[in-house]
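Trainee: Hi! Could you walk me through this one?
Mentor: Gladly, take a look here.

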Amino acid sequence: MKNVIGIYGLICSGKSSFSKLLAKELNALYIDADIIGHDALNDKNKKEELIEAFSNDILDNNGNIDRKKLGKIVFRNSKKLRKLESITYPYIEGKVFELLNSTDKDVVIEAALIMRSEIYKICNSLIYVNSKTADIINRMKKKRNISEKEARKVLKMQIDVKNKRSNADIIINNMRDYNHLVIVSKKLGRHYGDKHKRKSKQGRKRLFY
């Protein structure tokens, strides 16, 4: 039985760094649901649905969907964000299921909003990456070149992600340095690699790192 591990958490919490480290430790297939979501914007059928839902205002000068323009619209309105998800999630889920079925290796799925989709149902383990709000905001300001006010708006839209950390089997506190994530990834590499200690999801005890 292969491990299918879903990793989630707030934006800029460090889940990408940890997901890649754990996938390397397990020699697992790494799936980034966010990248698949970007691909969905280039899908012809999805593009038409998105234009119908949000108008031509989301297009760039070449007639392609501009992620920044679309982001400004949906991250200010929860209803519009849910509309975007209803259009793109079926595509993302389908691609994730295809990749999952294409390998016998363990699989690490990074999906920030995993609990809003059907993806979490195929995972036999869920990991939540926790981080300080101040650290998250600083990373967002630096990486996305946005103000603190804008960063807090985005975080407010993801409050359900934080509220659903109790669904995780393992919670990782990313409140130290990168080396801490490296150490934890090695520990969990051994944890998941020990087939004799694997338990059913119901019988698993929540672990904290």
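Mentor: Let's start with Tyr8 and Tyr128, which are both buried (under 20% relative accessible area, with a 1.4 Å probe and protein chains only). This is a predicted model, where local features need pLDDT of at least 70, side-chain atom pairs count only at pLDDT 80 or more, and totals for chains, interfaces and linings use all residues. Residues are numbered from 1 along each chain as its sequence is written, and side-chain values use heavy atoms, leaving out hydrogens and water.

Trainee: How many aromatic pairs does a search of the whole structure find?
Mentor: One aromatic pair turns up, where pairing takes ring centres within 6.5 Å. The ring centres of Tyr8 and Tyr128 are 5.2 Å apart and the planes are at 75°, so the pair is edge-to-face (planes over 60 degrees apart).

Trainee: Where in the chain do they sit?
Mentor: Tyr8 is in strand β1 and Tyr128 in strand β4, 120 residues apart. Strands here are DSSP runs of E, at least two residues, and helices are runs of H or I, at least four, numbered from the N terminus.

Trainee: Which residues have the most contacts inside the largest nonpolar core?
Mentor: Tyr8, Ile109, Ile114 and Met140 do, in a core of 32 residues. Such a core joins buried Ala, Val, Leu, Ile, Met, Phe, Trp, Tyr and Cys through side-chain atoms within 4.5 Å.

Trainee: And which element gives the most to this core?
Mentor: That is α5, with five residues.

Trainee: New topic: which residues of α2 are buried?
Mentor: Ala33, Ile36, Gly37, Ala40 and Leu41.

Methods:
Buried means under 20% relative accessible area, exposed over 50%, partly exposed in between (1.4 Å probe, protein chains only). Rings of Phe, Tyr and Trp (its six-membered ring) pair if their centres lie within 6.5 Å; planes under 30 degrees apart count as stacked, over 60 as edge-to-face and the rest as tilted.
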